[in-house]
Amino acid sequence: MALDSIWLGIAFALGYVFKRINLPPMLGFLLSGFVLNATNAEHSELLEGIADIGVLLLLYTIGLKINIKTLAEKAIFGGTLLSTSISVVVSFGFIWLISLVGLPLFTDLTLAQISIIAFALSFSSTVFVIKILEERGNLNSSEGKAAVGILVIQDILAVLFITIASKKVPSPYALLLLLLPFLRPLLLRILKKSGHGEMLTLFGFLMALVGAELFELVGLKPDLGALIFGIIISNNEKSNELAKNLLHFKDFFLIAFFLGIGFNGIPTIDTVVAAVIISVLLWAKPLIYHFSFTRFSFPSHSSFFASVSLTNYSEFALIVAAFATKAGLITSDWVLVIALIISISFIVSSLLNGRAHLLFEKYKEHINKWGSSKEENEEIIRVDISKREVLIIGMGTVGTNIYDQLNKVYPNKIVGLDSDPKRIQLHEKAIRNVALHDATDIKFWDSIPPNQIHTVVLALPDFQNNIFAIKRLISLDRSIDIYATARYSDEVEMLRDAGAQHVFTLFEEVGKGMANEILRKSNNTLEFEIGAN
């Protein structure tokens with residue numbers, strides 16, 4: 001236990017340092033693994049077990065949010081196959097050319113070995129991408145769904161590779177797994193009866209582990225089992241609650257996963273040089289993804305942001321390298337090289353994703369030129385803001401409550417905006433004027449008629465998206481009152497500095513609203529002043 005507390009302490013310390021310099025803490029966890037390895041710390045079974053559970057929970061929660069129809073869309077299915085094929089060819093050609101130069105580790109590579117490495121580098125990190133999308137609040141947007149769709153199909157390709165590479169034939173009983181969807185009514189019934197507390201959380205853990213064990217039992221990848229069990233009960237209000245319940249547990253268990261990557265060895269000069277050289281290929285990833293998406297008429301704007309989030313290398317590459325090493329196809333040095341490449345890609349991807357909006361705004365003309373000439377955006381509904389005066393961006397719980405209250409006083413003067421198609425359908429049933437659109441789409445802001453909208457309320461879950469929207473509004477140089485919501489007190493000043501005139505912290509306003517209601521019910525004339533922070 002003492003050793004476990006030490007690696008947790010080091011992980012926290014380095015994660016804290018990276019967070020303070022505006023980089024994801026997970027990069028600190030990666031570095032912690034290298035530090036622990038350099039000090040000859042033991043790679044305990046507890047660490048491996050926690051890491052495995054973290055990956056299972058990640059895939060299970062992904063499954064909870066997946067619409068299976070999305071995977072069949074041509075932009076996602078076709079985009080995955082096209083981007084993977086291009087990536088393998090580009091990586092193979094690049095590494096083969098380097099092998100001709102005579103650099104250490106590259107010189108003796110055979111064409112078969114280069115093919116294995118190129119295939120390993122064609123995937124993006126499920127763990128990292130989901131974290132990026134969750135932090136940006138874009139998991140349910142068109143770009144988020146496209147990125148997750150590609151990751152899921154890549155995971156399926158990973159299962160096929162592992163099955164072939166291990167020469168392990170799935171059991172004939174694996175065909176019985178086709179009956180799993182018939183369990184959906186029963187599982188949903190149990191889920192609904194599990195309540196909202198510890199039983200709900202336990203149900204989630206149980207399903208992820210049962211799915212993994214069941215798939216492993218019939219000779220399939222355990223991770224896929226967790227994913228499938230999540231998909232079976234997806235697209236349900238209760239499954240969304242379950243995903244939120246598991247969020248922090250998943251985050252904790254994934255700390256061990258990132259630590260484990262660093263335990264693959266101590267970097268040498270040769271392995272570092274090899275990793276840096278191959279990492280040059282990382283810059284081709286967003287171009288390949290963007291090209292592949294737009295060949296299937298996916299909107300350039302959404303394609304760009306999905307491609308940027310996918311600009312990293314997958315932890316699956318380590319699994320490929322491990323298989324190849326055990327089979328004697330490549331040396332163990334390449335496992336460490338790939339671990340370093342993954343680490344480098346996470347750092348680059350963090351910096352790139354943090355500046356994605358600024359990059360799109362700066363290079364949007366060039367980005368749009370890469371788009372297909374047949375590009376359509378059937379999903380986006382053009383916003384009718386004629387005779388509207390108040391625009392609410394982000395129609396979740398907070399945005400919806402604001403809409404309903406304002407609509408009582410100013411009927412037919414309010415319009416809402418959200419990027420989640422399912423949420424739009426619910427609003428349509430409730431007869432609210434809400435349109436499907438992405439607030440990060442610069443074309444939308446440029447299309448707002450002058451002097452039409454007088455008030456904009458930003459209720460987006462992602463802080464950075466709120467900042468971006470404020471800057472776009474300020475750049476329009478119009479007289480618009482900007483209201484914004486913040487989850488934490490330290491975000492208030494940043495939103496004000498960006499240009500929002502009125503900022504409200506959610507939890508504080510809940511307290512004030514409840515206090516006012518209590519006072520009104522008790523016929524007390526005293527009221528708290530509910531104003532801008």
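Strand β1 (residues 390-393) and strand β2 (residues 414-418) run parallel and are joined by four bridges; strands here are DSSP runs (E, at least two residues), helices likewise (H or I, at least four), all numbered from the N terminus. Ile392 sits opposite Gly416 in β2. The model is a predicted one, where local features need pLDDT of at least 70, side-chain atom pairs count only at pLDDT 80 or more, and totals for chains, interfaces and linings use all residues. Residues are numbered from 1 along each chain as its sequence is written, and side-chain values use heavy atoms, with hydrogens and water left out.

Both strands belong to an open sheet of six, in the order β3-β2-β1-β4-β5-β6, with parallel pairing (two strands pair if DSSP finds at least two bridges between them). At the edges are β3 (434-436) and β6, each pairing on one side only.

Next comes helix α23 (residues 489-498), whose buried residues are Glu491, Val492, Leu495 and Ala498. Buried means under 20% relative accessible area, exposed over 50%, and partly exposed in between (1.4 Å probe, protein chains only). Seen down the axis of α23, the buried residues fall within an arc of 130°, so they line one face of the helix; the arc is taken from the directions from the helix axis to the C-beta atoms. Ser489, Asp490 and Asp497 are exposed on the other side of α23. What do the buried residues of α23 pack against? They pack against α22 (463-475), β5 (481-486) and β6 (502-505), with contact meaning heavy atoms within 4.5 Å.
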